[in-house]
Amino acid sequence: MIVSSASDYREAARRGLPSFLFDYIDGGANAEQTLKANMADLAEVILRQRVLKNVSDLSLATEWFGQPSALPLILGPVGLAGMLARRGEVQVAKAAAKKGVPFVLSTVSVCSLEEVASQCPRPIWFQLYVLKDRGFMRNVLERAEAAGVKNLVFTVDMAVPGARYRDAHSGMSGPFAAQRRILQAITKPAWAFDVGLRGRPHDLGNVSSYFGEAIALSDYMGWIGKNFDPSICWADLEWIRDFWKGPMIIKGILDSEDARDAIRFGANGIVVSNHGGRQLDGALSTAKALPPIVDAVGSDLVVLADSGVRSGLDVVRMLALGAKGVMLGRVPAFALAANGQAGVENVLDIFANEIRIAMTLIGVPSVSQINKTVLA
Ligand SMILES: Cc1cc2nc3c(=O)[nH]c(=O)nc-3n(C[C@H](O)[C@H](O)[C@H](O)COP(=O)(O)O)c2cc1C
């Protein structure tokens, strides 16, 4: 199969994965309106075409929190990536290091912090969820620090998991889920051998070492529902800010008032995100939410954004709307499922090339100079 874009990787992942895993990545909450709006609203961002600006020497590099990045991209946290390819999180981390961009390991990864950090030549970032067991949170932060993590991404838009209809239909959850998954795995022998057999243990690596028992992936969403804490508020979390001395980035902000609270909390950055349309369906797309948030807090902390980005052109659009960097969720997940580390490296090359083309055609030589002046 010829792969020239992120959508080709989506198709390759659809062919290679058991359908419960493809739908787990691809799907969103409820009627998936916000999922669709993320992409549709970004596609409506119109850029000014400029000509004869001598943009022969382009700079795509940037830096956040003192860490340089070769591209204005961060590979965002994706739970269970180790089910998409053998020891998947290690493969994504290695691809990110090779291409000089940050990788964020999810709390609910298959591979543990220690497994990933020991095999990755560049410091990883770590993403923390709010769990009821504060002992776990403290323990995992200590382990992150010991594993060399400097930047903490603290995700706050998952007080409960969104209503994901596709997961119930696909066998990710719902009646006879385990039996349905086995039937699907039989139809994908390459995945069954590479991941199902050789990719073991299938576990939540960061979580099971603390609880002292394997967390069965057979009831992943059920486990999240039981252990995530909807009672939480900013004041409850002040100890995290006191405890974590490095940069802290709050992920899942969609409202300017929450962005101001994040500053009061002591955040160094935020990710404007609706979790890729997987949480509150009917919430604003990030393309719409981002500009007022940048106006409100953009001079006080680093504003990153994600949700709906499917090409290097979309990255330039997000930067034009005011983001200082862009996180990717589904795109590297599909590339990982399709072709492991090499797929993730390749999709980063595709994005870099598309960013270069867009920068040339808008007449801007450096990503740091992309801002609202390039909007039509
Ligand atoms: C399969 C999947 C798993 C995810 N798991 C996590 C997670 O563990 N932690 C987190 O903060 N965000 C998680 N996200 C959200 C992504 O980090 C990101 O915000 C979102 O995917 C961006 O939207 P996009 O996929 O349209 O780029 C997940 C997203 C997907 C698709």
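Is Q279 buried or exposed? Q279 is buried, because its relative accessible area is 11%, and buried means under 20%. This is a predicted model.

Q279 sits in a loop. That loop runs between strand β8 (269-272) and helix α14 (286-297).

The side chain of Q279 has two partners to look at. One is the backbone oxygen of V160, reached at 2.7 Å. Another is the side chain of R164, with a polar contact of 2.9 Å.

## The ligand site

The space that the ligand takes is the largest cavity.

## Polar atoms facing the ligand

A polar atom in the T155 side chain lies 2.7 Å from a ligand oxygen. G79 uses its backbone instead: an N or O atom there is 2.9 Å from a nitrogen of the ligand. H275 uses its side chain, where an N or O atom lies 3.4 Å from a ligand nitrogen.

How much of the ligand's exposed area does the protein bury? Taken alone, the ligand exposes 600 Å². The protein buries 98% of that area.

## S208 in helix α10

S208 belongs to helix α10, which covers residues 205-211. Its relative accessible area is 10%. S208 therefore counts as buried, since the cut-off is under 20%.

Which side chain does the side chain of S208 contact? The partner is D203. The two side chains make a polar contact at 2.8 Å.

## A185 in helix α8

A185 lies in helix α8, residues 177-186. Why does A185 count as buried? Its relative accessible area is 14%, and the limit for buried is under 20%.

A185 can also be placed relative to A117. The two are 68 residues apart in sequence. In space, their C-alpha atoms are 30 Å apart.

## Summary of the buried residues

- S208: a residue of α10, buried at 10%, in polar contact with D203.
- A185: a residue of α8, buried at 14%.

Definitions and conventions
Residues are numbered from 1 along each chain as its sequence is written. This is a predicted model: local features need pLDDT of at least 70, side-chain atom pairs count only at pLDDT 80 or more; totals for chains, interfaces and linings use all residues. Side-chain values use heavy atoms; hydrogens and water are left out. A polar contact is a pair of N or O atoms within 3.5 Å; within protein, one must be able to donate a hydrogen and the other to accept it, and residues adjacent in sequence count only if both atoms are side-chain atoms. Accessible areas come from the Shrake-Rupley method with a 1.4 Å probe; for residues, only the protein chains shown count as cover. On a 1 Å grid over the protein atoms alone, a cavity is a set of points where a 1.4 Å probe fits but cannot get out, and a pocket is an open set with protein on both sides within 12 Å along at least five of seven lines; lining residues have an atom within 4 Å of a point. A molecule sits in a cavity or pocket if more than half of its atoms lie within 2 Å of its grid points. Helices (H or I, at least four residues) and strands (E, at least two) are DSSP runs, numbered from the N terminus. Buried means under 20% relative accessible area, exposed over 50%, partly exposed in between (1.4 Å probe, protein chains only).
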